Amino acid sequence: MNKLKCICSVARTEYLQWITNPRVITVGVLLVFMKTLAVEPLLERAEKFGEKLNILEPFTAIGNSGLLVMLMPCVFLILVSDYPKMTGNTLFFIQRTGKTNWFIGQLLFLISAIATFLFTVVIGSVLLSNGEFGSGWSNTVTKYISRFPNEADSFTSQLLPSNLYNQMSLISAVVQTIVLMMMYLFMLSLIIYFFKLIHIHSLGLFAAIFIVAAGVMTCSLKSSSMWMFPMANTIVWLHYDEILSKQNFPIWCSYLYFILSIAIGFTANFIAVRRLQFYNIELVE
């Protein structure tokens, strides 16, 4: 087997096991929360305003809602908490492909899993939105507060705050939300992988959950320390002032934050793979 075939074989095998795992039902639970916490409130606002939403606005709201930005990583952690699989088949796979090819295949699987997960969230939000196509923000989002000023501090207004639609185009908001969320999920996955490779699986899951929880807490307190955790760096509108065309925290710093974090995680995982011992690997499925 050449290297590319080895890598693709590992990624394909892991992906098929992952996509057919009964745990994927938790994505359905996430879609229910998305509908209840983001899509339905926006649809009610659109009906009251008398105009439709842009079909991409519900996803933008989902990706910038503090509660849903907490739920999405938690659901994804449930889906990948068993990976990489460390069984007798794993030992056979590694012997055939080599540790490096196996590891690269695992990373390819992770990227595929994250892309599938976020694609499902995007498509789910689009199908639930009952909106219309367009490249710009809808009047329902940009002009609602001027027509109903007494609702300026409502929960629905916080789903798509003016920090977003005053500072960037809808397409830019969507793209940056997807990219930052992908980096967030990849970073958390590398943490789980590292501790799994050194045979301390439970500690990896605990560490990932702690990072998510710490991000939630610091964001809710609006503490300056929130930028030390990935959650704040993932929420696009937190980077911008509400009215003034300036950034409270440069968004390029968030991209740098994730790039460095992923680079450190990749390096730690690569070293762990090279030193991987098989004494704790189960010999049967």
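Student: Is Phe270 buried, exposed or partly exposed?
Tutor: Buried means under 20% relative accessible area, exposed over 50%, and partly exposed in between (1.4 Å probe, protein chains only). Phe270 has 32%, so it is partly exposed. This is a predicted model: local features need pLDDT of at least 70, side-chain atom pairs count only at pLDDT 80 or more, and totals for chains, interfaces and linings use all residues. Residues are numbered from 1 along each chain as its sequence is written, and side-chain values use heavy atoms, leaving out hydrogens and water.

Student: How many aromatic pairs are found in the whole structure?
Tutor: Rings of Phe, Tyr and Trp (its six-membered ring) pair if their centres lie within 6.5 Å; planes under 30 degrees apart are stacked, over 60 edge-to-face, the rest tilted. The search finds ten. Take Tyr15 and Trp18: their pair is tilted, with 5.8 Å between centres and 40 degrees between planes.

Student: Where do Tyr15 and Trp18 lie?
Tutor: Helices are DSSP runs (H or I, at least four residues), numbered from the N terminus. Both residues sit in helix H1 (residues 3-19), three residues apart, about one turn of the helix. Tyr15 is partly exposed at 23%. Trp18 is buried at 3%.

Student: What pair do Phe266 and Phe270 form?
Tutor: A stacked one: 6.2 Å centre to centre, 15 degrees between the planes. They are four residues apart in helix H14 (residues 251-274), so about one helical turn separates them. Phe266 has a relative accessible area of 38%, so it is partly exposed.

Note on methods
Helix = DSSP H or I, 4+ residues; strand = E, 2+ residues; numbered from the N terminus.
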